[in-house]
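Student: I have a structure open on my screen and would like to learn how to read it. Could you take me through it feature by feature?

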Amino acid sequence: MTMANSLISDLVVANRILFSEGVLDGFGHVSVRDARNADRFWLARSMAAGLVEARDVMAFDLDGAPIDARGRAVFLERFIHSEIYRARPDVQSVVHSHSPNLVPFGVTPVKLKPLYHMTGFLGAGVPVFEIRKVAGTETNLLITDGRLGKALARSLAGNPAALMRGHGSVVVGESLQQSVYRAVYMELNARLQAEAMRLGRVTYLTAGEARAGAAVNDRMLHRPWELWKRKAMGK
Ligand SMILES: [Zn+2]
């Protein structure tokens with residue numbers, strides 16, 4: 001299998017896992033940067049993640065333009081991916097979702113913070129992107145062009161994730177395995193944080209605990225990946 005083929009088959013797996021783990025539903029998407037050409041990335045055609053096959057994966061440039069569309073419909077929000085890859089050379093994979101437990105943290109003053117060792121990566125900070133600041137109060141909230149994609153990438157800055165007020169979130173990683181891990185556990189952290197807050201005052205990780213927790217889990221990304229893959233692909 002060539003490197004491109006293996007990245008594409010991993011991207012198919014990532015789509016299926018993110019559906020199976022409740023991060024993506026009929027909406028949302030995951031991409032990976034082309035390992036041979038940093039100015040391109042792979043993303044499925046416009047469709048539900050749970051149904052993606054290798055033949056649905058398309059190449060895009062950093063303007064969000066498809067390289068070889070062949071009549072296939074493309075995601076309106078592909079500029080999330082193109083502009084983050086442009087702004088962040090360290091990023092190899094991007095997940096954009098509307099996963100439900102994160103939405104409350106985008107629309108209230110409550111900050112999403114790491115409360116257990118699985119989500120130490122959140123300790124780096126999770127900014128909230130406010131589309132009204134760049135496009136006013138009449139938008140459909142979607143990132144439908146390069147200008148909005150650039151504004152989102154500016155808000156994300158050097159962080160692992162950003163919430164999008166009234167919409168969803170974006171999570172990045174140095175690999176597909178890392179962005180998928182982060183997307184799954186960020187959603188879990190949001191659910192646990194809301195539950196913990198109902199019980200009483202929450203003790204969050206210190207900055208040092210968050211860093212150390214993230215470092216150890218980053219060495220074990222293959223373990224949940226293989227499990228989630230088996231569950232999602234049925235083999
Ligand atoms: Zn969206």
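Tutor: Gladly, and we start with how elements get their names: helices (H or I, at least four residues) and strands (E, at least two) are DSSP runs, numbered from the N terminus. This is a predicted model, where local features need pLDDT of at least 70, side-chain atom pairs count only at pLDDT 80 or more, and totals for chains, interfaces and linings use all residues. Residues are numbered from 1 along each chain as its sequence is written, and side-chain values use heavy atoms, with hydrogens and water left out.

Student: Let me try the naming, then. Where is Arg165 placed?

Tutor: Arg165 sits in the loop between β6 and β7.

Student: Is Arg165 buried or exposed?

Tutor: Buried means under 20% relative accessible area, exposed over 50%, and partly exposed in between (1.4 Å probe, protein chains only). Arg165 has 16% relative accessibility, so it counts as buried.

Student: Which residues does Arg165 touch?

Tutor: A contact means heavy atoms within 4.5 Å. Not counting residues up to four places away in sequence, Arg165 touches Gly106, Val107, Val128, Phe129, Glu130, Ile131, Arg132 and Leu141. Between Arg165 and Leu141 the C-alpha to C-alpha distance is 8.4 Å, with 24 residues separating them in sequence.

Student: What should I know about the phi of Leu141?

Tutor: Most residues other than glycine have a negative phi, and most peptide bonds are trans. Leu141 has a positive phi of about 75° although it is not a glycine. You will find Leu141 in the loop between α4 (132-135) and α5 (146-156), and its 24% relative accessibility makes it partly exposed. Ala157 also has a positive value, with phi near 50°. Ala157 is in the loop between α5 and β6 and is partly exposed, at 37% relative accessible area.

Student: Next, the metal. Which residues coordinate the zinc ion?

Tutor: Donors are N, O and S atoms within 2.8 Å of the metal (3.2 Å for Na, K and Ca); water is not among the atoms, so sites may look incomplete. Here Glu77 (OE), His96 (NE2), His98 (NE2) and His167 (NE2) coordinate the zinc ion at 2.0 to 2.2 Å. Along the chain, these donors follow the spacing E-x18-H-x1-H-x68-H. His96, in strand β4 (residues 93-97), and His167, in the loop between β6 (161-164) and β7 (168-173), are 71 residues apart, a pair that links distant parts of the chain. His96 is buried at 0% relative accessibility, and His167 is buried at 10%.

Student: How is the geometry of the zinc site classed?

Tutor: Ideal angles at a metal are 109.5 degrees for four tetrahedral donors, and 90 or 180 degrees for six octahedral ones. In practice, four donors count as tetrahedral if all angles lie between 85 and 135 degrees; four count as square planar and six as octahedral if opposite donors are over 155 degrees apart and all others between 65 and 115; anything else is irregular. The four donor atoms of the zinc ion make angles of 94 to 144°, and the site is irregular.

Student: What about helix α2: how many of its residues are buried?

Tutor: Helix α2 (residues 78-87) has eight of its ten residues buried, so the rest of the structure largely encloses it. The buried ones are Arg78, Phe79, Ile80, His81, Ser82, Glu83, Ile84 and Tyr85. Take Glu83 as a case: its relative accessibility is 3%. Leaving out residues up to four places away in sequence, Glu83 touches Leu62, Gly146, Gly149, Lys150 and Ala153.
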